Amino acid sequence: MIEPGPDPHLSPVWIDVGQVLQRTVTSLYSHLVTRPTGRAVRLAIETQLQSAGERSLSLIDLSEVVVIDFSCADEVVAKLLESAHASPRHEAYFVFGGVHEPHRDQIETVLERRGLAAVAETDQHVFALLGSVSEAEERMWRALEQRGAVSEDEIGAVLPDGNAVQLLIERRLALRSPRSGSLHALSRLVRRAT
Amino acid sequence: MNVLPVPTSLDYQTVDAFFDQVALAKEGRALFDARHLRWVDPNGMVGLLVAGTVAGRRGALPRLELPESSDVHGYLSRMAFFEAAKGVFDFDAPVRRGAAKGASDVLLEITPIVANADVHQVVDRVQSKAGAILSSRLGYPATAVVQFSVILSEICQNIVEHAEAPGWVAAQAYNWARRLGRYVVVISVMDVGRGFRGSLHDEHSARYGDRWADTTALEAAFLHGITRFPDSGRGQGIQQIRKQVRRWDGAITIRSGTARIGQVPEWDDTPPLTDGMQPFPGAQISIILPAKAEP
């Protein structure tokens, strides 16, 4: 379950990849391996997101996945981000949940290979920026992560590297509210109810 | 009938010479004489299936004379060799000689790889039993079983995506007491397909011109991650396998055609690149992962 975050009034969508895998491909497969499997899972997620409106925030939850190989990580994480960023009609934000140590290398590798980055929950309530990011982006992202949200008036003072902040917004690693202009850490917008 | 003597020891060190011998065999039905086989590892067993398949393409189903050693017999049985050999060799049904001795360190019995479903099956099997062996024999952390599964998944997918022919995979743990003073896991993945040169030829041979050969194709894929797919996300399987094998201080070699390339640690004296072997179809991959060294 997901608790909707405050300001931008997005209702985050929780997608349990383990369930998608069993529902989409076959209940016999319990691991996220092979490229066709990853492709089928990604297409199922994309179909689910088609009805999400102009703007969406999704928690792609990998916590029930035991094994994810590089081919599936490329399909389910990297290509999902790439195709979402390329869409002119839909503004999609993603947080990848359940990215525990055995998954991390595969996901980081495929993101770096395509020059992408993503916000991931690497342990309970611990979030990290994975993939291809500059030091400045990482610094600004951490500052935002600590605060959770920064109002429009405060952005310059709290997040002084304007270029890096702009890149975080463009790369959809942070969300700027179109109403208030405030900046939000994606991690705060996709909190799971306990 | 062409008689092909199987060496007394058929493993990662002797299998290439065995393939050369098979490559040089004359047309016509072959007889693989394995009666004197005393030692065989996953490379030897899977290699025997590959050799039989290649020989079978030249004539009738080859004949296999089974090993006389009951230990070897029991081991082949435990590794599901006889099931895999049906359709590859003509052989007399092995006589059951009681349960094989000793605790089994089989991580993965010989498993045919033809489709993606087979890769799922490999990962399922490994997940269910490899963890205990990897931690007890190699001293790897509990999470290593996931990385181990990822290696097997990526390497088996190479067969499905590139070989255009069937292959097999097997893995087993051994105590290399004399050779290394440690346990090792030996993984073998082989196919009888078009090999690296064949897979990369259409997209990449032109830029190499006269230099295009098995060696350059292996270097392109193994060292530079080049693949026949234009997608930038492709070609990372072998690169990531190399990275993980290096982390575990392991060795990986790939033979394809006349050449073999490898990433070898200090404890292994296999040359990193060998050329001039006899042309042999497909790709034959060997991975050896040693136990963590005592501090």
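Mentor: Start with A:E75 and A:R42, whose side chains meet in a salt bridge at 2.8 Å, N to O.

Trainee: Why is the pair A:E75 and A:R42 called a salt bridge?

Mentor: The term asks for a side-chain nitrogen of Lys or Arg within 4 Å of a carboxyl oxygen of Asp or Glu. The N to O distance between A:E75 and A:R42 is 2.8 Å, so the pair qualifies. A:E75 sits in helix 3 (residues 70–86) of chain A and A:R42 in helix 2 (residues 35–49) of chain A, 33 residues apart. Helices here are DSSP runs of H or I with at least four residues, strands are runs of E with at least two, and both are numbered from the N terminus. This is a predicted model: local features need pLDDT of at least 70, side-chain atom pairs count only at pLDDT 80 or more, and totals for chains, interfaces and linings use all residues. Residues are numbered from 1 along each chain as its sequence is written, chains are lettered from A and ligands numbered from 1 in the order in which they are written, and side-chain values use heavy atoms, with hydrogens and water left out.

Trainee: Where do B:R29 and B:D90 lie, and what does their pair tie together?

Mentor: Their side chains meet in a salt bridge at 2.8 Å, N to O. B:R29 is in the loop between helix 1 (15–24) and strand 3 (30–33) of chain B, and B:D90 is in the loop between helix 4 and strand 6 (106–113) of chain B, so parts 61 residues apart in sequence are tied together.

Trainee: What makes B:R29 buried, partly exposed or exposed?

Mentor: Buried means under 20% relative accessible area, exposed over 50%, and partly exposed in between, with a 1.4 Å probe and protein chains only. B:R29 has 28% relative accessibility, so it counts as partly exposed. B:D90 has 29% and is therefore partly exposed too.

Trainee: And how do you know on which side of the cut-off B:E109 falls?

Mentor: Its relative accessible area is 18%, so B:E109 is buried. Its salt-bridge partner is B:K129, the closest N and O atoms being 2.8 Å apart. B:E109 is in strand 6 of chain B and B:K129 in helix 5 (residues 116–138) of chain B, 20 residues apart. At 30% relative accessibility, B:K129 counts as partly exposed.

Trainee: What counts as contact between chain A and chain B, and how many residues take part?

Mentor: Contact means heavy atoms within 4.5 Å. By that rule, 24 residues of chain A are in contact with 26 residues of chain B. The buried area, the accessible area (1.4 Å probe) that two parts lose on being put together, summed over both, is about 2100 Å², of which carbon and sulfur atoms give 51%. A:R35, A:F70 and A:R113 supply 27% of the area that chain A buries against chain B.

Trainee: What is the count of salt bridges between chain A and chain B?

Mentor: The count is 2. In one of them, B:K243 pairs with A:D105, the closest N and O atoms being 3.8 Å apart, which is within 4 Å and therefore qualifies. On the side of chain A that touches chain B, helix 4 gives 6 residues, the largest share.

Trainee: What makes a set of residues a nonpolar core?

Mentor: Its members are buried Ala, Val, Leu, Ile, Met, Phe, Trp, Tyr and Cys residues joined through side-chain atoms within 4.5 Å. The largest has 55 residues, and B:L107, B:F148 and B:I187 are among those that touch the most other members. Helix 6 (residues 144–163) of chain B gives it 11 residues, the largest share. A second, separate core of 49 residues includes B:L48, B:Y75, B:M79 and B:F81.
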